[in-house]
Amino acid sequence: MKNLVVFIAVCIVSFSNAQDKEIEKSQKKANSYLYEANSLINDEDFVSAEMEYRKAISEQPTSVAGAYNLGNSYYQKGNYEEALYRHQQATETATSKTEKHKAFHNIGNILMKNKKCKEAVEAYKSALRNNPTDDETRYNLGLAKACAEQQKQDQQDDNKDDENKDKEDDNKDNKDKENQDKKDKEGDNKEDKKDESDQDKKEG
């Protein structure tokens, strides 16, 4: 019995060591892809870099660097939808406050580019929860709040304009109806007078 326990313990330790080596190997491979991708981005070869970033993410899905760097490269190319997706992916796999802060900050920037100011405010707040000392994020938060307020005001103004236009249209419709009723009435009166005149002629 004692030998069996020792054998099981040795197996567990061996399996654990093998797993650690496999994880380490995977990490090295992912880092190699990342390094290559970063070099390609510096050479402005976006297509090849994108492939390398994707390989890194595939090799190590929990790595923040792959998703984060790919998100940044999409942002630089103006593909904000894909950039947003990759930075959201980075926030989900991030384990440190620094990683989360950077990803949320960039999400805020992307949302501002897409004129989604209210959502950007929330992203910058999340960034500041992870790094309250970052002045750039705080500044961007101020811009996002002002933008959100302006959008809210514009929306209210648009709603008022729509209401006024509806009222004007209703008033115009009512006037048109009144004018039509008046014309119909005048037409009826003329018709009645004509009938009376014809009647008089017959009698005469």
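**Exercise 1. Is the crossing of H5 and H6 left-handed or right-handed?** Then describe how the two helices pack.

*Solution.* Start with the ground rules. The model is predicted: local features need pLDDT of at least 70, side-chain atom pairs count only at pLDDT 80 or more, and totals for chains, interfaces and linings use all residues. Residues are numbered from 1 along each chain as its sequence is written, and side-chain values use heavy atoms, without hydrogens and water.

Step 1. Locate the helices. H5 covers residues 97-113 and H6 covers residues 117-130. Helices are DSSP runs of H or I with at least four residues, numbered from the N terminus.

Step 2. Take the geometry. The axes of H5 and H6 lie 8 Å apart, at an angle of about 165 degrees. Axes are lines fitted to C-alpha atoms over the stretch in contact, and angles run from 0 to 180 degrees between N-to-C directions.

Step 3. Classify the angle. H5 and H6 are therefore roughly antiparallel (over 145 degrees).

Step 4. H5 and H6 cross in a left-handed way: the near helix is turned anticlockwise from the far one by less than a right angle.

Step 5. Find the contact residues. Among them are Phe-104, Ile-107 and Leu-111 of H5, and Ala-120, Ala-123 and Tyr-124 of H6. Contact means heavy atoms within 4.5 Å.

Step 6. Sort them. The contact holds nine nonpolar, six polar and four charged residues. Ala, Val, Leu, Ile, Met, Phe, Trp, Tyr, Cys and Pro count as nonpolar, Asp, Glu, Lys and Arg as charged, and the others as polar.

**Exercise 2. How many aromatic pairs are there?** Describe each pair.

*Solution.* Step 1. Count. There are two aromatic pairs, with ring centres within 6.5 Å.

Step 1. Take Phe-46 and Tyr-74. Their rings are edge-to-face, 5.6 Å centre to centre, with 65 degrees between the planes (edge-to-face is over 60 degrees, stacked under 30, tilted the rest). Phe-46 sits in H2 and Tyr-74 in H3, 28 residues apart.

Step 2. Check burial. Phe-46 is buried at 15% relative accessibility, and Tyr-74 is buried at 4%. Buried means under 20% relative accessible area, exposed over 50%, partly exposed in between (1.4 Å probe, protein chains only).

Step 3. Take Tyr-75 and Tyr-80. Their centres are 5.5 Å apart and their planes meet at 55 degrees, so this pair is tilted. Tyr-75 is partly exposed at 27%, and Tyr-80 is partly exposed at 22%.

**Exercise 3. Which residues does Ser-73 touch, not counting residues up to four places away in sequence?**

Step 1. List its contacts: Ser-73 touches Ile-41, Phe-46 and Tyr-53.

Step 2. Check burial. Ser-73 has 3% relative accessibility, so Ser-73 counts as buried.

Methods: Parallel < 35°, antiparallel > 145°, perpendicular 65-115°, else oblique. Phe/Tyr/Trp six-rings, centres within 6.5 Å; stacked < 30°, edge-to-face > 60°.
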